[in-house]
Amino acid sequence: MSKFRCVCGNIIRISGEIPNPIEWLLISDVDFDNFHGAIDSEVLYKEMKSLLVCHRCKALWVFWEGYDKDPTLYLPSMV
């Protein structure tokens, strides 16, 4: 999957520009604490989860299990 359609109709691109301006990398505080001393950035990167932000509607798409599985959608509150 190199792209998919957001619920608002916008196309979300996973591949392309590097660094990806709509991608954020997440790691839990507990998982981060497992790293000590000098950190290999590639090892750290493999532990992180990818979050993509739709620039149109601000929906968050989180790939909790990598790009081989469907992402989880989080919609902003309209309060």
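Colleague: Which residues line the largest pocket?

Modeller: A pocket is an open set of points on a 1 Å grid over the protein atoms alone, with protein on both sides within 12 Å along at least five of seven lines, and lining residues have an atom within 4 Å of a point. Here the lining consists of Ile-14, Ser-15, Glu-17, Ile-18, Pro-19, Asn-20, Glu-23, Leu-25, Tyr-45 and Tyr-67. This is a predicted model, in which local features need pLDDT of at least 70 and side-chain atom pairs pLDDT 80 or more, while totals for chains, interfaces and linings use all residues. Residues are numbered from 1 along each chain as its sequence is written, and side-chain values use heavy atoms, with hydrogens and water left out.

Colleague: How much space lies in the largest pocket, and what is the lining by class?

Modeller: A volume is the space filled by probe spheres set on the grid points, which are joined across faces, edges and corners. For the largest pocket that gives about 160 Å³. As for class, Ala, Val, Leu, Ile, Met, Phe, Trp, Tyr, Cys and Pro count as nonpolar, Asp, Glu, Lys and Arg as charged, and the others, Gly among them, as polar. The lining has six nonpolar, two polar and two charged residues.

Colleague: How many aromatic pairs are there?

Modeller: Rings of Phe, Tyr and Trp (its six-membered ring) pair if their centres lie within 6.5 Å; planes under 30 degrees apart are stacked, over 60 edge-to-face, the rest tilted. The count is three. One of them joins Phe-4 and Trp-61, edge-to-face, at 4.9 Å centre to centre and 70 degrees between the planes. Phe-4 is in strand E1 (residues 3-5) and Trp-61 in strand E5 (residues 60-63), so this pair ties together parts 57 residues apart in sequence. Strands (E, at least two residues) are DSSP runs, numbered from the N terminus.

Colleague: Are Phe-4 and Trp-61 buried or exposed?

Modeller: Buried means under 20% relative accessible area, exposed over 50%, and partly exposed in between (1.4 Å probe, protein chains only). Phe-4 is buried at 13%, and Trp-61 is buried at 9%. Phe-4 also pairs with Phe-63: their ring centres are 6.1 Å apart and their planes at 70 degrees, so this pair is edge-to-face. Phe-63 is buried at 2%. Ring pairs link Phe-4, Trp-61, Phe-63 and Tyr-67 into a cluster.

Conventions
1 Å grid on protein atoms, 1.4 Å probe; cavity = no way out; pocket = protein on both sides within 12 Å on 5 of 7 lines; lining within 4 Å. Helix = DSSP H or I, 4+ residues; strand = E, 2+ residues; numbered from the N terminus.
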